[in-house]
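Please keep the sequence and the structure at hand while reading.

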Amino acid sequence: SFGTFLLFSQASVAILRMLQRRLSFFYNKLNLLTIGDLVFRMKENAWVLATVAVLSACVITATGTIYTAQATMLKDTEMSYPHAVTFAVSGELGVASEETGLPVLASAVEGILAEDKVTVSEYAALAGLMAKMNSDASILVVPESGFNAWAKAAGRKTATLAGSKAALLQPVEISDSYVTEGIPMDLVVGGEGGAKISVEAVPHTFLNTNYLSAVHRFVVVDDALYNKLAVAASLDDRVSFLSYEFWDWQKAQETSQRLRASIPDANLVDFASRTEMYEGRRQMTALTAMIAMFVTVLFFIAAGSMLYFRLFGSIQEDREKYQSMRRLGISSEEINRVISAQVKVIFFAPIAVGSMHCGFAMKALSNVLRNMPWPFLGVFRYAIYAVAGFSLVQVVYYLVARNAYVREVNVRYS
C-alpha cells in the first residue's frame with residue numbers, strides 16, 4: 001500500500017536521520033558506515049520493501065487464519081460432542097448383565113478398545129427401560145443397583161433412593177447441599193394398559209455425553225419400582241446407553257467405525273461419533289486449506305526472492321564501494337559486519353511491518369469470531385505462531401543471502 005511505501009521511504013529515513021543526530025550513537029564503532037549507507041538503501045528500495053511487507057502481511061495473516069479455523073473447528077467439535085463416541089442399543093443387546101448390572105454390550109466394547117489400544121478417560125454404561133414420561137417424552141429408566149454399579153466402577157457419585165424418590169440425571173456438578181423439590185413424573189412402560197409408576201425426581205450429577213435424539217433423558221428409580229415396570233416391558237423396550245471419551249480421540253476413527261460395525265442395524269437405536277464428525281469436517285476444509293497454504297508458500301518465496309535479487313542488483317557498485325573502504329584501512333571483518341547489519345535490516349524490516357499489518361487483520365478477525373456461534377480462542381496466539389514460523393524461515397533466507405552477498409563482494413578483493 002502507499003502508506004507502507006511512505007513508511008519505508010520517509011519514516012524509516014527520518015528515524016535513521018534522528019540516529020545520525022545522536023552523535024554518541026552515530027560515531028560508535030561502525031554505526032557511521034552502517035547508518036549512512038542504510039539511508040541510501042532504504043530510499044532506493046522503498047517500493048521493493050513495501051511490496052515485500054504487504055506480501056508478508058498476506059502470508060502471515062493467511063497462515064494465522066488457517067490455524068485459527070482449524071483450531072476453532074476442533075474446539076467446536078469437542079464442545080458439540082463431549083465424548084468420542086456415544087450410542088444406544090436395544091433388544092438382546094440392550095439388557096443388563098445379571099452379574100454386574102452393567103450392559104451386556106459393555107464387555108464386547110471393552111474388548112474392541114483393548115485390541116485397538118485405546119485409552120478411555122471416562123465412560124458411561126447404563127441399562128434400563130425406555131418409558132413414556134408424563135404421557136409424552138421418552139426417558140430411559142435405570143434401576144438404582146445398575147446405576148450404582150456403573151458409578152462405583154467409574155468413580156462417580158452413587159444414588160441413594162427409597163420409595164417414590166428418583167434421581168433425574170443432569171450433565172452438571174450438583175453438590176450434596178443442593179436442595180430442591182422433586183419433579184413429579186408418571187412413567188409408563190408398555191403403552192396404555194402397561195405398567196405405570198409415579199416418582200418425585202431430584203437432580204443428580206451425571207456425565208456430559210453426546211446428544212442422542214432417541215435417548216437423552218435419564219432417571220434412576222428404586223429397584224422395586226423398576227421391577228414393576230419391567231414386568232410389562234418387551235425386549236425392544238430394553239435399552240443400553242454407552243458413552244466413551246478417549247485420550248487420543250483424533251486417532252480413534254477406525255475404532256469408532258469398528259464399534260459401529262459391531263452393532264446390528266436392528267439393535268442400533270442411535271449413534272454419535274465425534275471422531276467421524278471431525279474427520280468429515282476436516283476433509284471438507286482440507287482442499288481449501290491446502291490451496292491457501294500453497295498460495296501462502298508461493299507468496300513467501302516471491303517475497304524472499306524479491307529481496308534476494310534486489311540485493312544483488314547493484315553488486316558491482318557495492319563491490320567497488322567496499323573496495324574503496326578497504327583502501328581507507330577498514331578491514332574485511334568490519335566490512336562484513338556492516339554488510340550483515342544492512343542486509344539484516346533489509347530482510348527483517350518488511351517482516352516486522354507485515355506483522356503489524358497482520359495484527360490489525362487479526363483484530364478484525366477476532367471481532368468477527370466473537371459474534372459467531374463457535375468459541376473464540378484468541379486469534380493472536382495463532383498469528384504469533386505464524387510470525388514465529390515465517391521469521392525462522394526468513395532467518396534461513398537471510399543467512400543464505402548474506403553469505404552469498406559477502407562472497408560476491410569479496411571476489412575481486414580476494
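## Phenylalanine 87 and the nonpolar cores

In this predicted model, phenylalanine 87 touches Leu105, Val109, Leu212, Ser240, Phe241, Leu242, Tyr244, Ile263, Asp270 and Phe271, when its neighbours within four places in sequence are left aside. A second, separate core, made up of 37 residues, has Leu19, Ala53, Val353 and Val406 among its members.

The largest nonpolar core comprises 48 residues, and Phe87 is listed there with Phe147, Trp150, Phe206, Tyr244 and Phe246 as the residues that have the most contacts inside that core.

## The two sides of helix α8

Helix α8 spans residues 253–261, and its buried residues are Thr255, Ser256 and Leu259. These residues lie on the same side of α8, because the arc they cover around the axis is only 100°. Glu254 and Ala261, by contrast, are exposed on the other side of α8.

The partners against which the buried residues of α8 pack are two strands, β1 (85–90) and β9 (268–273), together with two helices, α5 (105–115) and α9 (274–312).

The structure holds 0 disulfides. For cysteine 58, the closest cysteine sulfur is that of cysteine 358, and the two sulfurs are 10 Å apart, which is too far for a bond; a disulfide would require the sulfur atoms to be within 2.5 Å.

Cysteine 58 is partly exposed, at a relative accessible area of 38%, whereas cysteine 358 counts as buried, at 2% relative accessibility.

Key: Residues numbered from 1 in each chain as written. Predicted model: local features only at pLDDT ≥ 70, side-chain atom pairs only at ≥ 80, totals over all residues. Heavy atoms only, no water. Core = buried A, V, L, I, M, F, W, Y, C linked by side-chain atoms within 4.5 Å. Buried < 20%, exposed > 50% of the residue type's maximum accessible area, 1.4 Å probe, protein only. Contact = heavy atoms within 4.5 Å. Helix = DSSP H or I, 4+ residues; strand = E, 2+ residues; numbered from the N terminus. Arc of directions from axis to C-beta.
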